Amino acid sequence: MSGPGLNWKFIIKVTGLILILESLFLFISAGISWYYKEWDLPHLLLSAAITLVCGITLTLFGGKEKVKFIGKREGFLTVTLTWFLFGCFGTLPFYISGAIPSLSDAFFETMSGLTTTGATILTEIEKLPKGLHFWRSLTQWLGGMGVIVFSLAILPLIGGGGSQLFDAETTGITHDKFRPRVAQIAKRLWGIYLALSLILLALLWVGPMDFFDALCHTLTTISTGGYSTKQASIAYWNSTYIESVIIVFMIIGATNFSLLYFLLKGDFKRFFRDEELRWFLAIIIISSLLITFGLTSHDLVEGHIDSFRNSIFQVVSIVTTTGFATGDFVQWGPFYWIIFMILMVICGCAGSTSGGLKTIRIVVLFKNTFNELGRLIHPRAIIPVRINGVALSFGVVERLLAFTFLFIFVIIISWGVLTLSGMPFEEALGAAVTAISNVGPGFGSNGPSGSFANIPEFCKWYLSFLMLVGRLEFFTVLVLFTPGFWKR
């Protein structure tokens, strides 16, 4: 029996509201184009108008009454549908303008931006007009905190259904929960996000970047997205100052935003004693030192300072799933590929803008494995996994194991699909991991110095799907493909 229990009016109404919001951001991008007198202005205006008309139509069709309650099924379907449609309509300015004439390329670029993956098909980025540059960066900023979370912050019309949408978009382990209503949570998160963005904009603008470059890189740094206005990425400026500022804010973007909230409230103890954060910083330090030692001992980079500078930037860029580049780790050799592959899987903290498996899951898996050794010696002992002194239920640990299995399983299956579709062996592996973890650069010709322009067309659509699945942490999207979801 197919889905008569679903509240379709709610789903359609929320989708329409999201598209209206998207049209407003497209109009802002058109304003940037108008200010800089670029040729993409009419195309951005047309895209905004089409999106606005479709959004208003869906909203009116959804009805005027306020929804008091919706179930998890509506939450999962609404979040997946709005993200997909946001990507579809976000494709319009690239495709209509002819800046990206291929529909598959335009959709890939947009979905990569919205999911903050940062993988690109562009080979001459500087040729994009400023309006499209800004829109490309803005998709990452919006995707960083989440389109739905943004909507909850400013759209009380959603009413009681907000909690289901919030849960559907922010799945995973969160060990510090906010207590106020969902709308208040969303406003606080976006308040922190906006404040950090303004601070970063000021810091980048006083450096070698002009205002427009600083603005675009602000949008793609705090969101851990990684799109740049230059083909050479951050290496274009060759500035220690810019690299240092971006390193700090990539780490901030990959930190649990609830911890940042408590830090701003003056709760330093909670911030600095958080186990996940300490593990995350330890991974960065150890990986950076290991790569620095390797680069120096093998004379791959001249001098200890430059080796460390290259190492820490690339480590932070990859582990935070940002994907900026100051060097090409693909050229360093297979040993470094392994390290960066591990970093691509681990990634940042839960409750952050980064993707991947998340550090907290690695911590829990490590502790649970260690506890299993204790259970072998003392079979009757109850040894729970503790995070920040709080024991996790066995149900939480079981869900984590299921998620980890699914994460690895999808990578392996996708690796096979991509190789079968014509991608080289190592490039297919890198593409699968970088898409599902929302990192950006892969291996081989898809590395930091390359692009995804020449991969088979089917692979672009498949990787776009993987980006969305990874951004919404698997279950939100994959549950839609189960027969039970569509039954009463």
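**Views of a predicted protein model**

**View 1. Overall fold.** The protein in this predicted model has a secondary structure of 20 helices and two strands; helices (H or I, at least four residues) and strands (E, at least two) are DSSP runs, numbered from the N terminus. The radius of gyration, taken over C-alpha atoms, is 22 Å, close to the 23 Å from the globule rule for 488 residues, so the protein is as compact as a globular protein of that length. That rule is 2.2 Å times the number of residues to the power 0.38. The C-alpha atoms fill a box of roughly 60 × 60 × 50 Å along the principal axes.

View 2. Of the 488 residues, 58% are buried, meaning under 20% relative accessible area (1.4 Å probe, protein chains only). Contact means heavy atoms within 4.5 Å. Among contacts between residues at least 6 apart in sequence, 72% join residues at least 24 apart.

**View 3. Helix α11.** This helix spans residues 257-264, and six of its eight residues are buried. The buried ones are Phe257, Ser258, Leu259, Leu260, Tyr261 and Phe262. Just after α11, Gly266 has a positive phi of about 95°.

**Notes on the model.** Residues are numbered from 1 along each chain as its sequence is written, and side-chain values use heavy atoms, with hydrogens and water left out. In this predicted model, local features need pLDDT of at least 70 and side-chain atom pairs count only at pLDDT 80 or more, while totals for chains, interfaces and linings use all residues.

Conventions: Buried means under 20% relative accessible area, exposed over 50%, partly exposed in between (1.4 Å probe, protein chains only).
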